[in-house]
Amino acid sequence: MKKLIRLILKLVRTAVIAGVVGFVLTFTIYMTNAENKLIYDYVRPFLTKHYDKQARDRRI
Amino acid sequence: MKKEIISFIDQKLQKYDPVWMAENGAGGQRTRYRDDGSGIARYREWRGVEDTFQDYVSWLKNVGYMGAMVAKDPVKIMKGIWEYRWMGSFLGSFAFVDRIFEGYRGRELDIANIHGNAIVRILTLRIGLILHNDARLGGGEMTDKMIGLDETIPPLFTAGFPTLNAEPMQTMPEFVVCDVDQHLDPYYIDVAESYGLAPDVCSRCSAETGVAIDDAFPVFGKLVLSTNQPCNASEATSMFQRRRFHQKGIEDYPFVFAMQHNTKNGNDYSKEELRQAIQKIEEVYGVKYDWDALFKAAKNMNHQNRIELEKWEIFATPYSPLSGISESLYKLVEWALVNGHDAYFNEVDDKVIEILRQAVRDQYLPYKGKTRHRAFLWGPSAMYYTDFPTWTQNCWGINIVLNMDSTMGHNMINTEDPEQALTDLALFSEKGVMRHHAVGGWDNVNAVWEWAKRLNCDMVICNDNVACKGMNGVHALLEEQAEAFGFHFLFLPHDLEDCRTIPRAEIRKAVNDYMSIVMGEEPLDPTLVDFDDAEAW
């Protein structure tokens with residue numbers, strides 16, 4: 001029984017820590033607009049370079 | 001206690017709230033943006049504790065919808081991003097949601113985020129489905145059971161084929177994505193023009209043609225229903241697109257609506273066309289039309305339209321926290337893409353109408369009571385400036401109460417008699433996107449004044465798509481009518497999907513000039529009057 005209680009407490013503690021860390025992390029990304037900066041400054045320029053190199057079949 | 005803590009934090013942090021900054025001469029919405037024209041904010045909008053947290057939760061939901069889309073079939077999604085330029089543009093979706101709801105607070109923000117989440121949910125579901133079944137990327141279990149529809153054909157009638165799935169062909173590669181990224185469609189327009197096509201046509205049709213020439217349509221289904229909706233430029237682009245579909249082994253069937261759609265003859269003609277389109281699908285896919293399945297979806301659509309009619313009554317009051325892009329974008333997606341196929345949208349409508357009813361009971365004044373003018377937005381809007389109504393409210397206090405497209409087909413569909421249902425569906429389909437008032441005779445165009453009066457507007461803003469030959473002919477007539485009826489009136493020049501011809505800044509300038517020179521008013525937020533967003537998505 002004690003083992004079970006200890007396990008439940010451990011699970012609750014892990015869930016709380018994961019929740020707090022998750023909140024801090026995602027709220028920081030949200031407030032600093034980090035995902036948009038990353039996409040605009042790095043991901044899209046990389047993809048655009050790739051799209052510009054594509055050979056497309058334009059015969060219709 | 002909780003209230004006191006929140007109020008304490010709000011007071012300490014209010015200097016970061018752009019609305020407070022504008023009110024107190026300490027900056028405004030553009031203060032938090034980078035000054036490189038990218039439209040990327042250095043940090044997100046601080047809206048006070050409760051609204052910021054609410055917006056954060058909504059953002060998390062959108063992250064969840066996108067994560068779920070990728071998790072369902074990560075390989076196809078990655079292949080799709082690698083294959084299709086337009087998929088790269090969808091990466092701007094988070095910034096898109098931010099900019100269209102900028103400055104929203106309280107109940108306006110509540111509804112906007114409910115709508116925003118519903119839009120992101122349905123778009124991620126549909127993109128996931130399309131890419132999973134795209135024959136170019138390997139295909140899936142539904143590849144041969146999908147029907148391609150021209151995006152201007154309302155898909156409600158396809159609910160009678162419950163084992164098949166109808167997808168609008170152009171919505172993802174060209175239409176909705178132009179809302180998200182203003183720089184995508186100019187690429188496809190250039191492809192069409194470099195092929196030797198005329199550069200002075202409607203940019204929507206030109207962009208669709210460019211997608212076809214660039215071989216950038218996803219490949220699925222055995223049949224595509226092309227159409228003449230909403231106008232004659234669409235007939236031309238349909239002819240180019242069918243060549244590409246034929247190359248992919250997909251048959252094309254022209255589903256032609258009556259152009260003069262306010263007459264019984266016109267309705268009879270469209271009804272017959274609808275009947276023949278159903279027969280064609282039965283023949284190609286070897287399935288029988290299921291009227292009960294149609295009636296089930298029609299009930300969803302009727303439910304949506306009943307609520308829509310009640311919304312219009314509320315929009316006529318000064319107490320509606322639903323207006324501008326929060327209203328029109330949701331309506332466009334719910335009507336043109338969902339069209340009775342997804343009961344989730346009925347739940348969203350039920351939730352939102354409750355908020356609206358409560359707002360009327362409370363005599364709630366939206367936008368902190370800063371609305372100075374109530375405007376009806378007429379004509380198809382610039383797709384590359386979706387956040388225009390947000391800007392008009394934040395900068396000049398012009399509340400776009402309703403948009404022309406939001407008045408699309410709202411007749412009820414009979415859910416018992418197939419013959420009557422076909423008649424109702426024909427009328428419903430004729431009153432489709434960009435077609436209800438811009439095509440089909442002078443009475444349709446001229447209905448703007450009745451709408452503006454009905455919704456207690458003092459201003460009419462008429463979108464002037466410079467490449468639309470049809471509407472170019474009615475300029476002077478509308479100006480005369482505006483004067484006669486006593487509305488503040490301005491034309492808003494734009495090039496629908498080509499942001500280079502008339503950039504967002506020029507659209508703003510048309511309003512700025514009118515508001516400062518003709519109306520002699522001062523902006524609510526001076527940082528919004530003139531700014532550079534040329535390189536923004």
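What span should the 24 residues of helix α3 (residues 49-72) of chain B have at 1.5 Å a residue, and how far apart are its end C-alpha atoms?

## Helix α3 of chain B

The structure described here is a predicted model. At 1.5 Å a residue, helix α3 of chain B should span 34 Å, and its end C-alpha atoms are 35 Å apart, which agrees.

The buried residues of α3(B) are Asp51(B), Thr52(B), Asp55(B), Ser58(B), Trp59(B), Tyr65(B), Met66(B) and Met69(B). Their cover comes from both chains. It includes α1 (2-32) of chain A, and from chain B it includes α4 (74-83) and α7 (106-132).

## Overall form of chain B

Chain B contains 22 helices and eight strands. Its radius of gyration is 23 Å, close to the 24 Å that the globule rule gives for 537 residues, so chain B is as compact as a globular protein of that length. The C-alpha trace of the chain spans about 65 × 55 × 50 Å along its principal axes.

In chain B, 55% of the 537 residues count as buried. Where contacts of this chain join residues at least 6 apart in sequence, 77% of them link residues at least 24 apart.

## The sheet β2-β1-β3-β4

Strands of a sheet pair through backbone hydrogen bonds, either parallel or antiparallel. In chain B, four strands form an open sheet in the order β2-β1-β3-β4, and the pairing is parallel. Its edge strands are β2 (165-168) and β4, each of which pairs on one side only. Neighbouring strands of this sheet are turned by 25° against each other on average, direction ignored.

The pairings can be followed across the sheet. Four bridges join β1(B) and β2(B) in the parallel sense, and Leu149(B) has Pro168(B) as its bridge partner in β2(B). Strand β1 (residues 146-149) of chain B also pairs with β3(B), again in the parallel sense, over three bridges. Here the partner of Ile147(B) in β3(B) is Leu223(B).

Strand β3 (residues 223-227) of chain B is mostly covered, with five of its five residues buried. Leu223(B), Leu225(B) and Thr227(B) point one way from the strand, whereas Val224(B) and Ser226(B) point the other way; all are buried.

On the side of β4 (residues 251-255), β3(B) is joined to that strand by five bridges, and the two run parallel. Ser226(B) has Pro254(B) as its bridge partner in β4(B). The chain passes from β3(B) to β4(B) through helix α11 (residues 232-247) of chain B, and this β-α-β crossover is right-handed.

## The sheet β6-β5-β7-β8

Another open sheet of four strands in chain B has the order β6-β5-β7-β8, with parallel pairing. The edge strands, each pairing on one side only, are β6 (398-403) and β8 (488-494) of chain B. On average, neighbouring strands of this sheet are turned by 30° against each other, direction ignored.

Within this sheet, strand β7 (residues 459-465) of chain B pairs with β8(B) in the parallel sense over seven bridges. One of the residues involved is Asp464(B), whose bridge partner in β8(B) is Pro493(B).

Note on methods
Residues numbered from 1 in each chain as written. Chains lettered and ligands numbered in written order. Predicted model: local features only at pLDDT ≥ 70, side-chain atom pairs only at ≥ 80, totals over all residues. Rg over C-alpha atoms; globule rule 2.2 N^0.38 Å. Buried ≥ 20, exposed ≤ 12 C-beta atoms within 10 Å, placed from the backbone. Contact = placed C-beta atoms within 7 Å. Expected span 1.5 Å × (residues − 1). Pairing = 2+ DSSP bridges. Right-handed = clockwise from strand over helix to strand, strands pointing away. Axes fitted to C-alpha atoms, helices over the stretch in contact; angles between N-to-C directions.
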